[in-house]
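Okay, thanks everyone, let me get the model up on the screen. I'll talk you through a few spots, and you can follow along in the viewer.

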Amino acid sequence: MSVSPDRDLQAQATDDTVAKLPRHVAFIMDGNGRWATARGLPRTEGHRQGLETLRKIIRHAGKVGVEVVTIYSFSSENWSRPETEVSFLMGLLRRFVQRDLSELHEANVRIRIIGGRKDLDKGILTLLQEAEELTRDNSGLELVVAFNYGSRDEIVRAAQALSEKVAAGEMRPEDVTESAIAGALDTSGLPDPDLIIRTSGEMRLSNFLLWQAAYSEFYFCDQLWPDFDEAAFDQALDCFGARERRYGGLSAKTF
Ligand code: IPE
Ligand code: IPE
Ligand code: MG
């Protein structure tokens with residue numbers, strides 16, 4: 001059966017409006033510090049509470065059938081925070097991996113780390129590699145942890161890796177295509193995020209997934225990350241469900 005190109009486009013647009021659940025949701029977990037300060041607590045308490053939210057959200061994502069969850073856990077710019085806060089965050093990541101890894105593994109979660117690895121503390125690096133290794137063959141939710149992650153840094157590393165191949169004669173300049181660049185990024189092989197959620201009222205990407213967000217839907221909410229919960233996540237998913245993604249094409253309603 002032959003289908004005219006116009007009908008294909010119409011079918012795709014309709015499919016997109018019908019496909020209500022995002023495959024990949026990325027979270028900018030923001031507002032931990034403000035949550036703590038508002039309660040007269042040290043900022044670190046906000047991070048501790050934020051980890052509780054993260055646990056809930058991972059479980060919920062698996063339950064509703066999201067395939068990939070990416071979490072922005074520490075940016076390449078977060079090193080500029082006071083030493084005490086940085087080392088608390090490092091300790092929290094360690095504890096998260098040490099305490100939650102077996103449970104995540106049992107839940108069939110596959111862990112992947114994105115971000116720069118050069119100059120990272122060897123202990124943390126080993127822990128992260130072990131988590132990836134242990135869960136490599138799991139087939140459930142893919143949990144992508146953006147740690148020491150900055151999108152510009154990621155793009156620079158990808159550009160350098162491709163330039164080296166061109167310089168070595170392994171690639172021609174014209175082979176540096178969109179898919180070659182996507183394949184050289186830390187997120188190689190992952191679907192782009194369909195939905196990016198940022199809590200705490202800030203409306204910016206803060207150097208998160210700049211390349212991958214080309215056609216992502218954005219959802220900003222005022223809740224601080226420690227207050228975000230399953231109901232808030234469902235609300236974001238509902239909102240996503242009502243969006244019409246056009247990818248530069250025309251609205252299905254125009255046909
Ligand atoms: C997000 O919360 C967590 C990290 C950046 C690690 P913040 O620590 O940025 O909290 P606010 O934005 O200062 O409230
Ligand atoms: C983004 O939040 C990074 C993470 C959530 C890990 P920030 O709090 O660091 O971002 P800015 O500084 O407000 O842009
Ligand atoms: Mg913040």
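**Two helices side by side**

Let's begin with helix 3, residues 43-64, and helix 4, residues 83-106: they pack with their axes 11 Å apart and at an angle of about 25°. Angles under 35 degrees count as roughly parallel, so helix 3 is roughly parallel to helix 4. As for handedness, the crossing of helix 3 and helix 4 is right-handed. And before I go on, a reminder that this is a predicted model.

Who makes the contact? On the helix 3 side you have Arg43, Thr44, His47, Arg48, Leu51, Leu54, Arg55, Ile58 and Arg59. Helix 4 answers with Glu85, Phe88, Leu89, Leu92, Arg95, Phe96, Asp100, Glu103 and Leu104.

**His60**

Staying on helix 3, please click on His60, which sits in that helix. Is His60 buried or exposed? Its relative accessibility is 9%, and buried means under 20%, so His60 counts as buried.

Now, which residues does His60 touch, if we leave aside its neighbours within four places in sequence? Those are Glu230, Phe233 and Asp234. With Asp234 there is a polar contact, side chain to side chain, of 2.8 Å. Glu230 is 170 residues away from His60 along the chain, yet their C-alpha atoms are separated by 6.5 Å.

Zoom in on strand 1, please. How many of its residues are buried? Five of five, so strand 1 is mostly covered. Both of its faces are covered, too: His24, Ala26 and Ile28 are buried on one side, and Val25 and Phe27 are buried on the other.

Strand 1 runs parallel to strand 2, joined to it by five bridges, and parallel to strand 5, joined by four. In strand 2, Phe27 stands opposite Ile71, while in strand 5 its bridge partner is Ile197.

Look for Ser75, which stands opposite Tyr149 in strand 4.

**One loop residue**

Last stop, and a contrast with His60. Where is Ala107? It's in the loop between helix 4 and strand 3. The cut-off for exposed is over 50%, and Ala107 has 51% relative accessibility, so it counts as exposed. Ala107 and Leu185 are 78 residues apart in sequence, and C-alpha to C-alpha they are 27 Å apart in space.

So, to recap the pictures to keep on screen: helix 3 next to helix 4, roughly parallel; His60 with its polar contact to Asp234; and strand 1, covered on both faces. That's it from me, happy to take questions.

Technical notes
Residues numbered from 1 in each chain as written. Chains lettered and ligands numbered in written order. Predicted model: local features only at pLDDT ≥ 70, side-chain atom pairs only at ≥ 80, totals over all residues. Heavy atoms only, no water. Pairing = 2+ DSSP bridges. Buried < 20%, exposed > 50% of the residue type's maximum accessible area, 1.4 Å probe, protein only. Contact = heavy atoms within 4.5 Å. Polar contact = N/O pair within 3.5 Å; in protein donor to acceptor, adjacent residues only side chain to side chain. Axes fitted to C-alpha atoms, helices over the stretch in contact; angles between N-to-C directions. Parallel < 35°, antiparallel > 145°, perpendicular 65-115°, else oblique. Left-handed = near helix turned anticlockwise from the far one by under 90°.
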